[in-house]
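Please read each point with the sequence and the model side by side.

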Amino acid sequence: MAIAEGIEQDRWTRVKGRLRSTVGEDVYSSWFARMDLERVGGESVHLSVPTRFLKSWIQTHYADRVLSCWQAELPEVSRVDLTVRTPVRAPVVAKDAKASVEERLSEHEHRGPSELRSVATVPVSASHEALGGSPLDPRLTFATFVGGRSNTLALAAARQVAEGRRGDNVMFNPLYIHAGVGLGKTHLLQAVTWAGNSADRKVLYLTAEKFMYGFVAALKTQTALAFKEALRGIDVLVIDDLQFLQGKSTQAEFCHTLNALIDAGRQVVIAADRPPSDLESLDDRVRSRLAGGLVVEMGALGEELRLEILKSRVSAARAHHASFDVPLPVLDYLAKAITHNGRDLEGAINRLLAHSKLNSTPVTLEMAEREVRDLIRPQEPRRVKIEDIQRVVARQYNVSRSDLLSSRRTANVVRPRQVAMYLAKTLTLRSLPEIGRRFGGRDHTTVLHAVRKIESLVSKDVALSDEVELLKRQLQE
């Protein structure tokens, strides 16, 4: 028996040597270093890896190469079965290999700043900073987040995530929150991080920029495997400003990490300034996976919510400056006049506080009008979405949205489709290829033809010109 096992291991050693020379040392170290031989039986070889992600990746990208390397050793082998071994059965060699990688990462951390440390070496009660996350603002908690109609669903979903425990069924994965600048995305994500860390759960908050920097640094120091292991050991991964994620290799690694965490039942929370379908720079696979979770938009701040935010900021300031007071008429004025975002509201309170304390004068309406005049911006037109254009045009011309996206070429569909494409080009910032993709995967030249056609007709056909103007007003109201 021992002799037979020795022969199998010798064969396995030679197969690994062939595999290493075929794919290269870097690829072998990343994907095959922890693959082990279970047994050889008849025409089948049974191998194992420690994670479902590794199994999926190897089966998708390297199954034929593994099989050919085995067939060079044993021609009768016609099949390679790959399974995920349990932690109890994981071989000592694999643990040692992982440990050596983590030791290299630890050494790199002592040589200079690290973007991400291996969570395997950090106690579960360690602070967020010890996990190498992006800085957290202690003010951004659920206690200081002001809820209203525009953010009710996002707040409820974030609380659900924060209150979860390891082993609970993950309800929304990933949770994707999108909103414009200053509407509370970062506040909500940091609140999840502050509230979610517990004795049995690790939550890591990273900006997209920090994720990119950490991945590039790991590649340069040959600690990419430890970087991946660290991320995939997190219970809740929180990524902010995803729209800034750039680079094919970084996006590929993000996609792998996203898949690995979701497949393992770990929670992922993401924020960006637009919905997944509008992140044109992201790979289609990433967009698809993001859209498969719960996508929540945080809308513009209504006047009532702006007033509540102002009151909460005054209350927070009064904790350090007991004599500071802003009369209700001033707060009402600020809530009506400053409509852009929450950061402008906070900036207004800070200005009133500074002026009041430095000049030893009470806050008055006249002083407020003077101090915040540059924060009062003209109303921005409503941001129009391609989905809104398709819906409004379909209703106007009595066709369905699916007709606009279909390949039908009848006159009652072609003209509305061209009008919708024209409006998408003139009312949004989407590119021609993106508009084509959103209209059933059409080529950008088709969109360009539609735009030029409607431009030409509008200049000659008064009725069509009136129709287009009516549609524009409906979309911008």
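**Notes on the model**

The buried residues of helix H7 are Lys185, Thr186, His187, Leu188, Leu189, Gln190, Ala191, Val192, Thr193 and Gly196, where buried means under 20% relative accessible area, exposed over 50% and partly exposed in between, with a 1.4 Å probe and protein chains only.

1. This is a predicted model, in which local features need pLDDT of at least 70 and side-chain atom pairs count only at pLDDT 80 or more, while totals for chains, interfaces and linings use all residues. Residues are numbered from 1 along each chain as its sequence is written, and side-chain values use heavy atoms, with hydrogens and water left out.

2. On confidence, the chain has a mean pLDDT of 79, and 86% of its residues reach 70 or more; pLDDT is the predictor's confidence in each residue, from 0 to 100. The lowest confidence in the chain falls in helix H5 (residues 92–111), with a mean of 36, and the highest in S4, at 92. Over residues 87–131 pLDDT stays under 50, and for this stretch the model has 64 contacts beyond four places in sequence, a contact being heavy atoms within 4.5 Å.

3. To return to H7, this helix covers residues 185–196, and helices (H or I, at least four residues) and strands (E, at least two) are DSSP runs numbered from the N terminus. H7 has 12 residues and reaches 16 Å from its first C-alpha to its last, close to the 16 Å expected at 1.5 Å a residue, the expected span being 1.5 Å times one less than the number of residues. Because 10 of its 12 residues are buried, H7 is largely enclosed by the rest of the structure. Its buried residues pack against helix H6 (152–162) and against strands S4 (175–178), S5 (203–207), S6 (236–240) and S7 (267–272).

4. Which residues does the "binding site" annotation cover? According to the unreviewed UniProt entry, they are Gly182, Gly184, Lys185 and Thr186; UniProt positions are given in the numbering used here, feature names are shortened, and annotations may be inferred rather than shown by experiment. Gly182 lies in the loop between S4 and H7, and it counts as buried because its relative accessibility is 11%. Leaving aside neighbours within four places in sequence, Gly182 is in contact with Leu301, Asn341, Gly342 and Arg343. Gly184 is found in the loop between S4 and H7, and, not counting residues up to four places away in sequence, Gly184 touches Phe145 and Met298.

5. The structure holds three aromatic pairs, and rings of Phe, Tyr and Trp (its six-membered ring) pair if their centres lie within 6.5 Å, with planes under 30 degrees apart counted as stacked, over 60 as edge-to-face and the rest as tilted. One of them is the stacked pair of Trp12 and Trp70, at 5.9 Å centre to centre and 10° between the planes. This pair links distant parts of the chain, with Trp12 in helix H1 (residues 2–23) and Trp70 in helix H4 (residues 63–73), 58 residues apart. Trp12 is buried, with a relative accessible area of 3%, and Trp70 counts as buried at 0% relative accessibility.

6. Phe211 and Phe254 form an edge-to-face pair, at 5.7 Å centre to centre and 90° between the planes. This pair also links distant parts of the chain, with Phe211 in helix H8 (residues 208–220) and Phe254 in helix H10 (residues 248–263), 43 residues apart. Phe211 and Phe254 are both buried.
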